[in-house]
Amino acid sequence: MSTTDHVAGAETDADRPHDLEFFWDPVCPFAWITSRWVEKVVAQTGYSVDWRFISLRILNKHRDYDTEFPVGYEQGHTAGLRMLRVAAKVRAELGRDVMGPLYDAMGQHYWEMPKGSGLRDRIGTAEHTAEALATAGLPTEYALAVDDETWDAEISDETELALSRTGRDVGTPIITVEPPDGLSFFGPVISRVPTDEQAVPLWNAVIELARFPGFAELKRSMREAPQLSVLGTITDNPEMEDWEAGSRKAHKPS
């Protein structure tokens, strides 16, 4: 199957209207936390979501990982691209409706795992991805697509689509409300999942602010450590960290 065929297959049910498009990379902790919030909003509002792709490895292809990122980021971003290849193949053959369950399963097998699970050398492998596919109730043979670079063009095109809506000085996730021509923004970047009671009011506040034509940015680099099981950071008194350009400033090469 050619790259052109990949794209055509992926778009067969794209004409169905969705309330939101959520561009995700499976190795972005903030995309995962925000997605859990969006799922709570969906459960209370009935919104439909098209879970689309954005690759941190492709987004940062022009950057020098050795000098601009902490150790291990290139390996992690590459693992995310490998997992997205599998997602692209699944979407092309089984449709967009299985993307939400697949993303959920990939997150369970990464972010929801306990600290010390030994995932550093497994994430993005065919074996690890097959476990997520099984949890999502999908055929595990799709995991072999982690090495299939013919999907990279489609993932790159989707990454560029997201960036065309927000500008390039952003990260993941990117959300479009009322796509394709509606409001788009990077984030919201949050370090913990809101409660059920907080989810919709917080969402409405973000949308109200973002809809103001003159709004550009609301940001602080000091933030809570992402509240994730795999990081061992879930606590009532989270550590505050200074982040810069998508990673913890204190962990970058000096």
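**Figure 1. Confidence of the predicted model.** The protein chain has a mean pLDDT of 90, and 91% of its residues reach 70 or more; pLDDT is the predictor's confidence in each residue, on a scale from 0 to 100. Residues 1–13 have a pLDDT below 50, and beyond near neighbours in sequence this stretch has 17 contacts in the model, a contact being heavy atoms within 4.5 Å. This is a predicted model, in which local features need a pLDDT of at least 70 and side-chain atom pairs count only at pLDDT 80 or more, whereas totals for chains, interfaces and linings use all residues. Residues are numbered from 1 along each chain as its sequence is written, and side-chain values use heavy atoms, with hydrogens and water left out.

**Figure 2. The open four-stranded sheet.** The strand order is β2-β1-β3-β4, with mixed pairing. β2 (49–53) and β4 (184–186) stand at the edges with a single partner strand each, so one side of each has no neighbour in the sheet. Neighbouring strands of this sheet are turned against each other by 20 degrees on average, direction ignored. Helices (H or I, at least four residues) and strands (E, at least two) are DSSP runs numbered from the N terminus, and two strands pair if DSSP finds at least two bridges between them.

Figure 3. Strand β1 (residues 20–24) pairs with β2 in the parallel sense over five bridges. Leu20 stands opposite Val49 in β2, and Trp24 has Phe53 of β2 as its bridge partner. Helix α5 (residues 73–94) packs on the sheet and touches β1 and β2, its direction making about 130 degrees with that of β2. Helix α8 (residues 152–166) also packs on the sheet, touching β1, β2, β3 (174–177) and β4; the direction of α8 makes about 115 degrees with that of β2. Axes are lines fitted to C-alpha atoms, for helices over the stretch in contact, and angles run from 0 to 180 degrees between N-to-C directions.

**Figure 4. Side chains of strand β2.** Five of the five residues of β2 are buried, that is, under 20% relative accessible area; exposed means over 50% and partly exposed in between (1.4 Å probe, protein chains only). In a regular strand the side chains alternate between the two faces of the sheet. In β2, Val49, Trp51 and Phe53 point one way, and Asp50 and Arg52 the other way.

**Figure 5. Salt bridges of Glu21.** The whole structure contains 18 salt bridges, each defined as a side-chain nitrogen of Lys or Arg within 4 Å of a carboxyl oxygen of Asp or Glu. One of them joins the side chains of Glu21 and Arg52 (3.2 Å, N to O). Glu21 lies in strand β1 and Arg52 in strand β2, so this pair ties together parts 31 residues apart in sequence. Glu21 is buried, with a relative accessible area of 8%, and Arg52 is likewise buried, at 8%. Glu21 also forms a salt bridge with Arg165, where the closest N and O atoms are 2.6 Å apart. This pair links distant parts of the chain, with Arg165 in helix α8 and Glu21 in strand β1, 144 residues apart. Arg165 is buried too. A network of salt bridges links Glu21, Arg52, Arg91, Glu154, Glu158 and Arg165.

**Figure 6. The salt bridge between Arg96 and Asp50.** The closest N and O atoms of Arg96 and Asp50 are 3.0 Å apart. Arg96 belongs to the loop between α5 and α6 (99–108) and Asp50 to strand β2, a link between distant parts of the chain that are 46 residues apart. Both partners are buried: Arg96 has a relative accessible area of 3%, and Asp50 one of 2%.

**Figure 7. Helix α7 and its packing.** His128, Thr129, Ala130, Ala132 and Leu133 are buried in helix α7 (residues 126–135). The buried residues of α7 pack against α5 and α6. Gly137, which follows α7, has a positive phi near 75 degrees.

**Figure 8. Surroundings of Glu224.** Glu224 is part of strand β5 (residues 222–224). The Glu224 side chain makes a polar contact with the side chain of Arg192 (2.5 Å). A polar contact is a pair of N or O atoms within 3.5 Å; within protein, one must be able to donate a hydrogen and the other to accept it, and residues adjacent in sequence count only if both atoms are side-chain atoms. Neighbours within four places in sequence aside, Glu224 is in contact with Ser191, Arg192, Pro238, Glu239 and Met240.
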